[in-house]
Amino acid sequence: MQTNASARSGDIALPRWLSRPVSRYVTRSGERWQPETVALVFALVLREHGTIEAVRATARRLADKVCLEQQPKLKELARTVPDDKVIQVALNIINRVCDLCSIGPGTEFKMPEPVIAPRCHMTPMKLAGYHAHKHWKCQHCSHTKPLEGSLQ
């Protein structure tokens, strides 16, 4: 080992590769999306939209921005998880991250009943509008339906 000229006598300077800060998560995106951020995004999507399509779209958008180890799981959530389990998987992600980070330990994230999008042209309608003007809109025609329940 080399000693640093500015170090006191008897002290050994660490090699440069050992003195670099160690990151907790290995991501391609420069550690922008920590697990806490991903859990917050899923919680907001479930509170605001509460639809299976919104959770799938969010998982698809986040897949490239999370830890390399979590990317296959989010891609699977976006594509192959059965519709009846998508909301439960998102809730599990939120609750697991909150427990690991000691955010409200022992409390579970609760959400209103999931909203199932009406169908038009054999495909689910998309949410459109903002705030009090939200409604369902068909992506193939001009057909719209008002929201019912807790999202209004």
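This note comments point by point on a predicted model of one protein chain.

1. Basis of the model. Because the model is predicted, local features are reported at pLDDT of at least 70 and side-chain atom pairs at pLDDT 80 or more, while totals for chains, interfaces and linings use all residues. Residues are numbered from 1 along each chain as its sequence is written, and side-chain values use heavy atoms, with hydrogens and water left out.

2. Overall layout. The protein chain holds four helices and five strands; helices (H or I, at least four residues) and strands (E, at least two) are DSSP runs numbered from the N terminus. Read from the N terminus, the order of elements is α-α-α-α-β-β-β-β-β. The chain has 152 residues, of which 32% count as buried; buried means under 20% relative accessible area, exposed over 50%, and partly exposed in between, with a 1.4 Å probe and protein chains only.

3. Surface and contacts. Accessible areas come from the Shrake-Rupley method with a 1.4 Å probe, and for residues only the protein chains shown count as cover. Among contacts in the chain with a separation of 6 or more, 42% are between residues 24 or more positions apart; contact means heavy atoms within 4.5 Å.

4. Helix α2. Helix α2 covers residues 52–62 and is mostly covered, with eight of its 11 residues buried. These buried residues are Ile52, Ala54, Val55, Arg56, Ala57, Thr58, Ala59 and Leu62. They pack against α1, α3 and α4.

5. Salt bridges. Side chains of opposite charge can pair when their charged atoms come close. A search of the whole structure gives two salt bridges, each defined as a side-chain nitrogen of Lys or Arg within 4 Å of a carboxyl oxygen of Asp or Glu. The two pairs are taken up in turn below.

6. The Arg56–Asp83 pair. The side chains of Arg56 and Asp83 form a salt bridge at 2.8 Å, N to O. Arg56 belongs to helix α2 and Asp83 to helix α4 (residues 83–100), so the pair ties together parts that are 27 residues apart in sequence. Arg56 counts as buried at 12% relative accessibility, whereas Asp83 is partly exposed, with a relative accessible area of 44%.

7. The Glu48–Lys134 pair. Glu48 and Lys134 meet through their side chains in a salt bridge of 3.5 Å, N to O. Glu48 lies in helix α1 (residues 35–48) and Lys134 in the loop between β3 (126–128) and β4 (135–137), so this pair ties together parts that are 86 residues apart in sequence. Glu48 is partly exposed at a relative accessible area of 46%, while Lys134 counts as buried at 17% relative accessibility. Leaving aside neighbours within four places in sequence, Lys134 is in contact with Glu48, His49, Ala128, Gly129 and Leu147.

8. Positive patch. Arg60, Arg61, Lys75, Arg79 and Lys126 form a positive surface patch. The elements that give two or more residues to this patch are α2 and α3 (71–79). Patches are made of residues with over 30% relative accessible area and no salt bridge; like charges are joined within 9 Å, and nonpolar side chains (Val, Leu, Ile, Met, Phe, Trp, Tyr) within 5 Å. Lys and Arg count as positive and Asp and Glu as negative, while His and the chain ends are not counted; the place of a charge is taken as NZ of Lys, CZ of Arg, CG of Asp or CD of Glu. Arg79, a member of the patch, lies in helix α3 and is exposed, with a relative accessible area of 64%.

9. The loop between β1 and β2. His121 is found in the loop between β1 (119–120) and β2 (123–124), and Met122 has its place in the loop between β1 and β2. Phi of His121 is near 60 degrees, a positive value in a residue other than glycine; phi of Met122 is near 65 degrees, again positive in a residue other than glycine. His121 counts as partly exposed at 46% relative accessibility, whereas Met122 is exposed, with a relative accessible area of 76%.

10. Gln139 and its surroundings. Gln139 lies in the loop between β4 and β5 (144–146) and counts as partly exposed at 47% relative accessibility. Leaving aside neighbours within four places in sequence, Gln139 is in contact with Thr123 and Lys126.
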